[in-house]
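User: I have a protein model open here and I'd like to talk it through with you. Could you start with the overall picture and then go into some details?

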Amino acid sequence: MPDTRLHGLENLEARLAQDLAWLNLPAKSWLNPLDVEGQGVLDVAIIGAGLCGLVAAAALRHLGVDNVELFDRAPEGREGPWVTYARMRTLRTAKAASGPALGVGSLTFRAWYEAQWGTDAWDRMDLAPRETWMDYLVWYRKVTRAKVNNGADVTRISMREDGLLELTISGRPVLARRVVLATGLDGLGAPKLPAIASGVNRAFVAHSSDMFDLAGLAGKRVGVVGAGASAMDNAAAALEAGAASVDLFVRRNELPRIDKFTGVGSKGMTHGFCGLPDPIKWEFINEGDRAAVPPPRHSVRRVSAHDNARLHLESSIVGLQDCGDHIVAQTPKGDYPLDFLIFATGFGIDLASRPELADIAPHILTWGDRVDDQRRAANPQLARAPYLADDFTFLEAEPGKCPALSSIACFAYPAVPTHGKLTSGIPAVSDGADRLAKGMVRSLFVEEAEAHLQRFMTYQTPELVGDEWPDADTVHSTASTSSAQSL
């Protein structure tokens, strides 16, 4: 029997090609190729080939910037969290979100899914399984012709005297006019592992973004710190792997209940947030941090369905005792012996901790530079976020000290305080990529202004070749007479 799924994808890809042709996409290439001492220069180097990196590359290509390469340290098909450290069963985003489709219907997850399994299967599906989403991104990478270099570790980004950026990638130099950091949640920092965790054997503790052996938790007493989606996902995964018990430790007196950003989400918010005054932006993000994002209802029920799961509210871990073969978590409400403790405590922004940013990090303008001491003290994590330009590029804390920053864009989670929730997930990522690509096209065109002006001045291809009007002399005479009469 023929593979109808493959046949469906072939039809979809033909439809996609037709849709792009109707839209005249991608646009023709317009940048002048650049070569330095025999080495080709990329127009744009994108660090990270997950969701944000792929859609950024596709958006640039649509606008005629096709000398773009992506670099990701992960193996092919394992970029991003979806099939690595993510432990939810399904995405949290509504399945109908257009995501990285850039306004092209045949590029959506829905089109890809229905092409293989049909509309009935689509209607039956509640939320997209994360593995299925990863399969879609692999297809998206193929059909958008993304040039991805896997196993590529970026260890340095520096500015050359000629104005180009030089990246050290797996030990070799790569030159680029522009760089996009599409490095996800921890791209400007690292997972937040509290200092208290450093006092015990590392074999007993992990961050929720770590790759650890779930099967090895069978029969173990497991603890999870946190109240968000990741905490619930890790607790559920441990329970389903056969953990003897799972204790969730939450510092709040109740689980967060209201997702404020979802409640006020709109195209107005998507496109208008960037234009808000700084104090209002700060209030939005600061209040969002204070209220926190609740875990999805289905994620909580996935945990509470197990009799050996216990939720401890107002139970911050104030101490960890290493007992040799296990640890003891100390809380205001009691002590708990554990064999393994997972910190679902999110990611921090710490520019100085990223070796690849060592040359530029001291010069990056942050939100802490833009607000008063009281606000900085109230939310130091938000204060460390970069304060970005309208095109996602970094700004200088002291003008003139690091002009390279105007060539480096942050298209990752830390862009949220400046641009809103365009880089924090699936729903508005195309809007973000469109803003990024248009801003980058503008700056590249301006950078090459003299070359484009020269091309304009020397353009001599005629539209009219002389045989369009059979009696040219009569036309000229009539035109001259009419002009004289009008005077």
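User: How many helices and strands does the protein have?

Analyst: The protein has 15 helices and 19 strands, where helices (H or I, at least four residues) and strands (E, at least two) are DSSP runs numbered from the N terminus. Please keep in mind that this is a predicted model, in which local features need pLDDT of at least 70 and side-chain atom pairs count only at pLDDT 80 or more, while totals for chains, interfaces and linings use all residues. Residues are numbered from 1 along each chain as its sequence is written, and side-chain values use heavy atoms, with hydrogens and water left out.

User: OK, and what does the C-alpha trace span along its principal axes?

Analyst: The C-alpha trace spans about 105 × 65 × 50 Å along those axes. Of the 487 residues, 47% count as buried, a word that means under 20% relative accessible area, with exposed meaning over 50% and partly exposed in between (1.4 Å probe, protein chains only).

User: Let's go to helix α2. At what angle do α2 and α4 pack?

Analyst: Helix α2, residues 51-62, packs against helix α4, residues 130-143, at an angle of about 25°, and their axes are 11 Å apart. Axes here are lines fitted to C-alpha atoms, for helices over the stretch in contact, and angles run from 0 to 180 degrees between N-to-C directions. That angle makes α2 roughly parallel to α4, because angles under 35 degrees count as roughly parallel, over 145 as roughly antiparallel, 65 to 115 as roughly perpendicular and the rest as oblique.

User: Which residues make that contact?

Analyst: On the α2 side they are L51, L54, V55 and A58, and on the α4 side W133, L137, Y140 and R141, with contact meaning heavy atoms within 4.5 Å. By class, the contact of α2 with α4 has 7 nonpolar, no polar and 1 charged residues; Ala, Val, Leu, Ile, Met, Phe, Trp, Tyr, Cys and Pro count as nonpolar, Asp, Glu, Lys and Arg as charged, and the others, Gly among them, as polar.

User: And what about α2 and α13, how far apart are their axes?

Analyst: The axes of α2 and α13, which covers residues 429-447, are 9 Å apart, and the two helices pack at an angle of about 50°. That makes α2 oblique to α13. In this contact, L51, C52, V55, A56, A59 and L60 of α2 meet V429, S430, A433, L436, A437 and M440 of α13, and these residues divide into 11 nonpolar, 1 polar and no charged.

User: Switching topic: where is P26, and which peptide bond is cis?

Analyst: P26 is found in the loop between α1 (4-22) and β1 (35-36), and the cis peptide bond is the one from L25 to P26, with omega near -5°.

User: What is phi of E37 near, and is E37 buried or exposed?

Analyst: Phi of E37 is near 50°, which is a positive value in a residue other than glycine. E37 lies in the loop between β1 and β2 (39-40), and E37 counts as exposed because its relative accessibility is 81%.

User: Last one, is L9 buried or exposed, and what does L9 touch?

Analyst: L9, which lies in helix α1, is buried, since its relative accessible area is 14%. Not counting residues up to four places away in sequence, L9 touches W112, A115, Q116 and W139.
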